[in-house]
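The text below goes through the disulfides and then the strands around them.

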Amino acid sequence: MTAAPPPPPGGPARTPQIWDTDIGRRATAPPGFGPPPQPFGADPGGGGGAPRGRRKALIVVLALALVAGLGTGGWLLWGRPEKTPRHRAEPSAPPRVDTRLDWIVANPDKDKALPSPRHPATWFAHGNVIRTWSRQITALDVRQGKEQWRIALPGELCSASRRLDDDTTAVMYKQDGNACTGLMAVDVKSGRQKWDRRVPLHDERTSDYGDPQVLVFRGRVKVMGRSESATFAAADGKVLEHPRLNPADNCLENRASTDGKTLLSVVRCSLGSDREFVQRIDPGTGREDWTWKVPEGLTIRGVLSVDPVVVTVGRTDSSDTSTNLISISPQGRTRAVISLTDHGGAIDAIVGKDTVYLASADKETAASTKENRIVAIDLAKGEKRWETNAGGNRVGTPVGFVGDKPLFYQGAQSGEGGRLVTLDPRDGAPTVHKRMPSESSEEEAEIAALGEVYFHDDKVFVVAAAELRPKNLMMSFG
């Protein structure tokens with residue numbers, strides 16, 4: 001299958017759908033300052049679930065609540081992203097607006113049709129930018145872009161943790177054909193594999209870890225899929241928990257997200273009809289702080305933020321693909337429902353302390369350029385605070401925060417490099433934070449097409465999507 005050619009230098013980078021699996025969202029859309037991006041990155045760390053007995057008790061409580069019709073979640077009428085909850089950029093003082101191209105890494109396999117990992121991840125640790133590719137993990141020196149270490153995966157990447165825990169991360173990969181049953185833990189400081197094992201299955205014929213999620217948190221690695229869940233010791237891969245749950249008549253935890261302090265668990269119960277719950281859990285004690293019942297007819301599409309809690313929801317009816325945001329109070333009650341359709345068909349978002357910033361789909365202007373709108377919405381009331389085009393003639397996608405200011409990337413145009421723009425949280429007034437050089441605008445546009453942008457330690461990193469077979473894989477500006 002021939003990969004689609006990248007858009008011309010004047011075109012924007014792709015903006016993925018709102019989804020976060022473990023609070024590590026990808027930067028042009030969870031991650032990803034950590035997912036996020038990432039949809040999860042986030043979803044972040046490892047298996048910070050409650051102790052076995054406690055979690056079983058929680059599942060029983062959920063089942064009873066479902067039968068009795070109890071729950072703290074409220075139903076509100078609503079109208080439509082791992083990757084995540086995302087790592088926030090640290091402010092620099094004083095910032096230098098105009099950047100230079102520090103380095104660019106060529107793609108050695110540009111002539112090969114490489115599979116694209118569904119949940120790629122990027123981490124920053126020990127002076128390296130570390131990236132998962134289809135069949136390997138590679139660490140590059142942030143200063144010069146030189147490879148520091150590489151770990152080959154025995155199979156194609158399925159999913160990766162969006163957050164690091166004590167220099168440990170974990171990835172799932174395909175074994176036995178297309179089954180995602182391989183799990184590897186990696187020490188990102190030494191660049192060495194810690195352990196590699198096959199995940200356990202209760203039934204080899206019917207069980208699977210389809211669409212898996214990986215969390216590394218508090219010394220544990222947790223993997224979750226459609227019909228299986230297991231927790232391992234991050235140190236040696238020992239199985240700590242492998243619950244036997246029957247999704248046909250019981251409850252199954254199939255998603256979780258963390259910001260490093262709090263764990264949000266998404267549990268699906270099937271007792272006559274599917275119903276989902278969101279639990280906030282203290283990962284240190286395993287204590288359930290609250291349980292929020294997802295309104296009937298809706299399903300969780302992703303966790304956009306853990307603190308404050310913001311989830312993306314959609315209709316369970318497969319013919320309705322619209323998505324909304326729901327903010328949940330610290331007490332586990334519905335605060336506001338935010339329609340993405342009503343705000344320019346927003347396809348990406350970033351969450352601040354009390355505000356969500358929505359990025360709408362792009363539209364062509366009279367000047368034959370493309371731009372979009374950024375809308376700030378109050379999380380308590382669901383009301384619009386302001387709306388801006390962030391300077392115009394560009395398409396902005398969220399990257400993170402500089403202090404309390406949301407940070408957006410605006411892609412390179414013909415003869416003009418991309419830029420990072422901060423928005424004043426009070427009125428949306430834009431300020432150019434970083435400006436990439438015009439000399440490398442063509443390469444920047446090619447790499448950013450369907451790729452990701454990260455801002456770390458006052459440097460800008462643009463990472464390509466491998467499936468496009470670009471000439472270059474990554475570039476850095478400082």
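What follows covers the disulfides, their surroundings and a sheet.

This is a predicted model, in which local features need pLDDT of at least 70 and side-chain atom pairs count only at pLDDT 80 or more, while totals for chains, interfaces and linings use all residues. Residues are numbered from 1 along each chain as its sequence is written, and side-chain values use heavy atoms, with hydrogens and water left out.

A search of the whole structure finds 2 disulfides, a disulfide being a pair of cysteine sulfur atoms within 2.5 Å. With bonded cysteines counted along the chain, the pattern is 1-2, 3-4.

Cys158 belongs to strand β6 (residues 157-160) and Cys180 to strand β8 (residues 179-187), so the bond ties together parts that are 22 residues apart in sequence. Strands (E, at least two residues) and helices (H or I, at least four) are DSSP runs, numbered from the N terminus. The torsion about the S-S bond of Cys158 and Cys180 is about -90°, so this disulfide is left-handed. Cys158 has a relative accessibility of 6% and counts as buried; Cys180, at 15%, also counts as buried. Buried here means under 20% relative accessible area, exposed means over 50%, and partly exposed is in between, with a 1.4 Å probe and protein chains only.

The other disulfide joins Cys251 to Cys269, with an S to S distance of 2.0 Å. Cys251 lies in strand β14 (residues 251-258) and Cys269 in strand β15 (residues 263-270), so this pair ties together parts that are 18 residues apart in sequence. About the S-S bond of Cys251 and Cys269 the torsion is about 110°, so the disulfide is right-handed. Cys251 is buried, at a relative accessible area of 0%, and Cys269 is buried at 0% as well.

Two strands pair if DSSP finds at least two bridges between them. β14 and β15 pair in the antiparallel sense over 7 bridges, and the bridge partner of Glu253 in β15 is Val267.
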